[in-house]
Amino acid sequence: MAVQLRRAAALGLTALVLYGAAPALVAVLGAWPRVAELQPWWLAAMIATQVGALLCLWELQALTIGTDDRAAVATSQLAGGALGRVIPGGAATAAAAQYGMLASAGVPRPAVVTGLAAATMLQVAGLCVLPVLTLPALALGLGVPNTLLGTAALGLGIFVVMMALGWVAARSDAALLWVGRAIVTVGARLPGVPHPPDDLPRRLLRHRNELRGRLGERLPLAAGATVGRWLLDLLTLVAALAVGADASLSLVLLAYVGAQLLAQIPVTPGGIGVVEAGLAATLALAGLTAGQAALATLAYRLASYWLMLPAGLAAWVVHRRRMAVNGSS
């Protein structure tokens, strides 16, 4: 009875959140006819950056789990991620599904548990670094580039800065604590998103030590994969902003981080409705008109959310066939 009541309460909360986010979601989906306004090369860039982000994520998970079976990692992540996008529970649902698929593929269960946990910690740490980049972007008055070459240069610059910050954080307790305090300060000023916990600096320090002990010499490679995963996904949003708007890069960075935080709230599957409302509103603050913000949000979610659903189904089919072949051999 208690379980049924909890499920009913969860469904009621989901329905309430979707009802509240419905106007923003309808506005974003209403921008569908305008997707054709995006140039083909920008749409191609969005697909390419999403593929690159997935490759980085698979490499990260393979490194933290300690397996060479990249196919099992890729298919389990795609299928688990797709399931987490359609069933309430979000990241927890995706992780449980991926764990089961990796275990069935013969990857040792303890390695899967600790490896996925380590990959998650690295991803959280990488996401936490991004708000720090808003400070130099704001000081330099940087805007979102409107050419592919400018976007590539932006990506290279962010990659170098994030890797440098990661190198310092891996070796300096004081620097890592400073980053944690900066994240708490910036995060507390983000409207409409959960505020970071006050003890975040100490948590980062503890998790850094755990990761360094587990990964050893693989830590730099894992850090690079983590940076690439977030950077390429961020560039997907930057490519979606190619709608003729003069947007502030610092506010776009905050909008992106806010959207990722909202996606982790397990109220609606994959944060649907909540992410669209939050991202469109924050992009409007970054300098876009309401129509431009809705179009950019829709384009980004098409590449990072909706296209992952058929990809996840295909990955599940591939996984089943691999298991059937391995079982008959």
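1. From the N terminus on, the elements of the protein chain run α-α-α-α-α-α-α-α-α-α-α-α-α-α. The secondary structure comes to 14 helices and zero strands, where helices (H or I, at least four residues) and strands (E, at least two) are DSSP runs numbered from the N terminus. This is a predicted model, in which local features need pLDDT of at least 70, side-chain atom pairs count only at pLDDT 80 or more, and totals for chains, interfaces and linings use all residues. Residues are numbered from 1 along each chain as its sequence is written, and side-chain values use heavy atoms, with hydrogens and water left out.

2. Of the 329 residues of the protein chain, 48% count as buried; buried means under 20% relative accessible area, exposed over 50%, and partly exposed in between (1.4 Å probe, protein chains only). The accessible surface of the chain comes to about 15,600 Å², and 70% of that surface belongs to carbon and sulfur atoms. Accessible areas come from the Shrake-Rupley method with a 1.4 Å probe, and for residues only the protein chains shown count as cover. Among contacts (heavy atoms within 4.5 Å) with a separation of 6 or more, residues 24 or more positions apart account for 78%.

3. A search of the whole structure finds four salt bridges, a salt bridge being a side-chain nitrogen of Lys or Arg within 4 Å of a carboxyl oxygen of Asp or Glu. Glu59 forms one with Arg70, the closest N and O atoms being 3.0 Å apart. This pair links distant parts of the chain, with Glu59 in helix H2 and Arg70 in helix H3 (residues 70–86), 11 residues apart. Glu59 is partly exposed at 30% relative accessible area, and Arg70 is partly exposed at 32%. Glu59, Asp68 and Arg70 are linked in a network of salt bridges.

4. Asp69 forms a salt bridge with Arg322, with 3.3 Å between the closest N and O atoms. Asp69 lies in the loop between H2 and H3 and Arg322 in helix H14 (residues 308–328), so the pair ties together parts that are 253 residues apart in sequence. Asp69 is partly exposed, with a relative accessible area of 22%. Gly106, in the loop between helix H4 (91–104) and helix H5 (109–129), is 37 residues from Asp69 in sequence and 9.5 Å from Asp69 in space, C-alpha to C-alpha. Gly106 counts as exposed, at 57% relative accessibility.

5. The side chains of Glu276 and Arg301 meet in a salt bridge (2.8 Å, N to O). Glu276 is in helix H12 and Arg301 in helix H13 (residues 290–306), 25 residues apart. Glu276 counts as buried at 2% relative accessibility, and Arg301 is buried at 6%.

6. Helix H11 (residues 249–263) and helix H12 (residues 274–285) pack at an angle of about 170°, with their axes 9 Å apart. That makes H11 roughly antiparallel to H12. Axes are lines fitted to C-alpha atoms, for helices over the stretch in contact, and angles run from 0 to 180 degrees between N-to-C directions; under 35 degrees counts as roughly parallel, over 145 as roughly antiparallel, 65 to 115 as roughly perpendicular and the rest as oblique. Residues of H11 including Leu251, Val252 and Ala255 meet a set in H12 that includes Val275, Gly278 and Leu279.

7. Gln61 is placed in helix H2 and is buried, with a relative accessible area of 6%. Leaving aside neighbours within four places in sequence, Gln61 is in contact with Val73, Gln77, Gln98, Leu116 and Ala119.
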